[in-house]
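Subject: Structure handover

Hello,

Please find the structure below. My notes on what was found in it follow.

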Amino acid sequence: MVEKILTVKNLTMRFGGLTAIDNFSWDLHENEILGIIGPNGAGKTTVFNVISGLYTPTSGDIRFKGTTINGYPPHKIAKMGIKRTFQQSRLFDNISVLDNVLIGMATISENIFINTLFRRDLLQKELASNINEAMQLMQHFSQVLVENPYRRAGDLVPGERRKLEICRALASNPDILLLDEPAAGMDPNESSELMDDIMRVKSLRKGIGIVLIEHDMVVVQKTADYIVVLSYGKEIARGTFNEVSSNSTVQEAYLGSELENA
Amino acid sequence: MVKKILLVLITILIVASLVGCGPAKPAEKQTVKIGFIGPLSGGNAAVGIGAKNSFQLKVDEVLAAGDYPYNIEVVYEDDASDPATGVAAATKIASDPDIVAAATHWNSPVGLATVDIFHKYGMAQIFWGTIHRDIIYGNDYKEPVRVIPTSEQSMELAAEYAKKFGIMDWVIVNDTTDYGTKIRDEFTAAIEKRGGKILEAIGVTVGQQDFAAVLSRVGELDPQGIFYAGVTTEAAGVRIQSMKAGLTDVMFMGPPGIQSDTFGEIVLGDAEGTFCSGTFDVNSTPEGIAFVEAYNAKYTDPFEQNGPYAYDSAAIILDALKAVGPDKAKIVDYILGNTFKGVIGDIQWDEYGQNGVGGLTMYVNQDQKWVKYEDSEYASGVRTFPWDK
Amino acid sequence: MNTFFQLFISALLVSSLYTLVAVGFTMYVGVINLANFSHGDTCVMGTFLLMPIFLFATKMGWLSAGAGLLIPVIIILVMLLTGLWGAGIYKILVKPLLVAPRLILLLASVAAGQVIREAIRVIYPNGSNPQVFPKLLPSGILEISGLRFGYDSLTIIFLSVICIISLNFIIKRTKMGLAMRAVSQNSDVSQMMGINIEKTIITVFIIGSALAGLAGILNGAFYGITKFNLGSNLGIKGFSAAVIGGLGDFQGAIVGGVLLGFIEVFAAAYIPNGSQYQDVFSFLAVIAFLIFRPSGILGEKIFEKV
Amino acid sequence: MNPIKMNDSTTNRTLNRIITPILLIVVVASVYLVVVYENVITTIAGLLLGVGVFFGYSRYPKLKESVNDGIKKDKVYLIITGLILAFIIPLTTRTQPYIIHILIIAEISIILALGLNFQVGSTGIPNLGYAAFYGVGAYASALLSTKFGMSFWVSLLAAGFIAAFFGWLVGLPTLRTRSYHMALVSIAFGLVTYIMLNNLVFTGGPNGIKNIPAPEIFGWSLFSTIRLFGNSFPVQINFYYFVLLFLVLMLAIAFFVYNSKIGLFWNAVREDEIAAKCSGINTAKLKLLSFAMGAFLAGIAGSLYAHYIGYISPENFNFNTSLQVLGMVIMGGLDNIVGVSIGAFILSVAPEKFRSLADFRMLATGLIILLMLMFRSSGIIRQQIREYKKSHFRTELANKDEGNG
């Protein structure tokens, strides 16, 4: 029996008069990679923003391992084990690669304040093990990151930034990883490397569920176990890649949007 | 290891050499230093520079006479009207073993902050500009004395004139600075002592421009007189807007703080017939006129209201120095124990060190200039006040 | 009732001045999401630019010839100058720093305000002290059944309304106005649509600064005085008005300006001891707005773009 | 095998060996030239020396490398020498209490700047009303000791905590607003505090509070003159060492915090608040903490100032003071503790040295902030990448070897 770790039920999000997500429902299971696809402006990123707590949904229910989490502040949701990346990567540019991962890993312990001033030995011990862990994690993804732990994150090339962002999100051993268009702006080589990375995440963290928003259909096809298609905030299809890609509504939605863009 | 030893060695060397030499101080026996502190920069620089020039004028005059036993060097420091800067300046002057006495400050908060410092170093401190009572009366130090009258004395004069004109119902509009609040309290006391009444005191802030709300309240109270306790800028605003608001037949008076010709320049015709209970009128004595001539011959910046007081402060310090020599403690005792003659009249201290004779004068604005009331066309009956019906 | 009415006029006067300043703030935030804290000092620049020009005109005897015509010309000239000044601020200060973190730009605009203020104080003769400002406005009082209207206050209110209406026209009806609105909405998309963003931003800076210059001049002319540091107060009040009304919203600036003007004047009049605390009231109002309704009266709830 | 690239620059071995002593000599010389000698020429010479060395440092990468290595290797010696120097300077200038006064003000300024750096530097929140916290601390301490007869130590702590409370309060609006809103809130708070201090009766109104007692240590007042070996020392020297203790303590706290998770998380908030939130950081709590801690330092500085001078008035705590402290932080280097201290030192000593140019003081502050932000927004010393002890990486190496094997 594969367990459901995330249940999204009847999710609706309105901004003023605009309905960005309309009655959207899906589940995420352990060890599953769920792809959410759809044309531009379909509300995909909004789904992530709602799940990660940046927006409070207008109505609907988000359950994480049985707990309703809608309305929780983002940091609480992150701490519970849902981590995300961003469409335009949001690294902490002026601090080091290593620190980025440490931030992703660290949570403030209750007596941090006292410890900072008086129990520095404890903190040092914790720090050493955190650094150790962070380096190991980066080792799995990129030699560049491991070799340059003190490089400013802002100085990295886009591909490495993407990897670092994934490392940062994975650092705290999350149960769910939300990837927002990780392959955006990548050439085929890079995106194939990315696919390896995604599969590596799956093998590294047993049981992790991944939600993937992606435009690059190759990436979706190769990685996603199951796919939901959104258009104008509404679900128009779901199924495996083959099922979805042969769906005429989906083809129309994509075609229409491409015409619009042109 | 070599390096570490080297490091420590060099450090010790540097430190030792610096301890050894220290800055050298040339000591010329003929020259004695005296200090002057005032607002030489910032918004009150004009007053400070006028006082500084007047101070230097007296020193130059005494030295030029040729028989003075010492060569005098004046150390000028700026307090920028700021207590923190003033404290630094005072520490610099008071702790300098070569300086024997100093004349200080225009702003009361600065004076309040530095009076302790001069006391700590036992240096005579002559106030040429601050009017806050507590600087002299709030302690029992021997070092501070003050040539300029307190605001209390000034407000007694103001109330006396108010009584003379039979204007007894007043509204005070005061700014919320030390100056404004002090003047407010003292004018209130002085008026009430004479049987008059303060209907209300309304505070405004420095920098405030719109007084419509305040003046509407004043209009409701319907006073015979408006007393503005503060300085020129806001006084001008209050006067202009009170005329606009229809308060035309009301006496308008202010403290020495508005005794600047800028008042007339801003207010223009509406300044006519306003009063200012001001400081010493230099043109009223031959010594004063001589001072004005000597000053104008040498400087182009105006000496402002406080010039004569700074001039006399220099005279007092030089007298004391001549009498007892460059000894700080003796100078303190000499100053407090003697009377002096200055352009503002005979200077006599009360037991705290406050000069009793103020040389205070009541001015009225006539053709946008402050004129001594007794010399004005109002006193002679050529012009009449709007409230005289 | 009479008092109330006089206060009303006076509040309207203060409101007009605040609104003229607030409009600039709100437009800057709209197009580049920056609060330019040197904006208040641009007002004072206006007054200190006007005085020498006016003096010169007086000296040449032009004023006695045709004061009624020349004064508007001088005012418009100074508005143009402050407008150029605003464009300069954008070119020299804001544009190079647009790539830096917003904090840097914000602090730089605060520092620029300080530099303008202090430079005026140091450069202008006797600049530390208040300067007598020429009387540009018609004097005299219009009395209607016991109510007294100063012609000067009426002129200021009238001029402000004219400015606001014409600005409204520019924003709503012209191509440039359309560009401004588009850039406020989304600058990336506007660029794709072929809008010259740079030109639009500069226009906004010119308009905002010219209005600030006008606010400074009217302020100086009404109170008869100007001082190097008047700008910090005008600037903070103007920005407060913009925040209360809802940043980025042109009409919000008007609402905020009016509200702030009325709070100030009526708090001073009707709360005992109010006049010495009138700034406290307006600032508390702003802080309250920021806590309970950060988007202001007319602003919509902001959704962070992710 | 070491994954971290070490700068084993063998070429500069001689330079490396003597770099630290040279550095020390330069620092000592410029400090002495600037601070001790009462002369504009030596002041300028000292500043030029400092600036020259600094430019050399930034222009020549080799020199830079050597200096950085030297600093890293001889950290302990540098700190000890610094302390010795800080201890010795006032003794060599004991005949000039004025100079010791300047140094005390510099010490207090450094404490102030360290506090503001928490907000502006580490967390990236503008605070233009910082002087208000300084004022709240000074007034709290002064009122407690003059009106309620509390001892200095109680007043000092209370001042710190009351200021911290106000810091927390002012921090509240930051939770929902943007940076320019925060700038406005802080300006407004600064002005409101100033107006209240000026208008309220119990704060002494515009005349402030006078006769604030000097601190006492076991009944011994800091205003008493010490006599040793026939020399009497000015009372300022007592205060100097007293404030120095606090300064060292505050510096230690600042370093601890910087190197802890708190400092790191503050940086995360500064760099990208949304990403920080989604990384599990309670940004609201951290922002409030940054305000409260910064204000705490300001409160301590205010209390020290009040008890040192013995008189405070609202004028000490106006908008200009806020800008002055901001200038120190920006000039020194946002989020760099050493840099901020240097900035505070220079900007508090220089105005005293150029007293004749007092009219230009605020203009100069404004220009320094503006030019720094436009052309070198990182300040004198830019914020550093945190480096961790090499020992922390050892286990990693072992594991990695295993993994590879």
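A salt bridge here is a side-chain nitrogen of Lys or Arg within 4 Å of a carboxyl oxygen of Asp or Glu. Asp272(D) makes one with Arg90(A), and their closest N and O atoms are 2.7 Å apart. Between chain D and chain A the count is two salt bridges.

This is a predicted model, in which local features need pLDDT of at least 70, side-chain atom pairs count only at pLDDT 80 or more, and totals for chains, interfaces and linings use all residues. Residues are numbered from 1 along each chain as its sequence is written, chains are lettered from A and ligands numbered from 1 in the order in which they are written, and side-chain values use heavy atoms, with hydrogens and water left out.

The contact (heavy atoms within 4.5 Å) takes 40 residues from chain D and 45 residues from chain A. The two chains bury about 3,900 Å² between them, and carbon and sulfur atoms give 67% of that. Buried area is the accessible area (1.4 Å probe) that two parts lose on being put together, summed over both. In chain D, the residues that lose the most area to chain A are Lys261(D), Cys278(D) and His392(D), together 16% of what that side buries.

Where is Thr205(B) found? Thr205(B) sits in the loop between strand E7 (197-204) and helix H8 (212-221) of chain B; helices (H or I, at least four residues) and strands (E, at least two) are DSSP runs, numbered from the N terminus. Leaving aside neighbours within four places in sequence, Thr205(B) is in contact with Thr176(B), Glu234(B) and Gln276(C).

Regards
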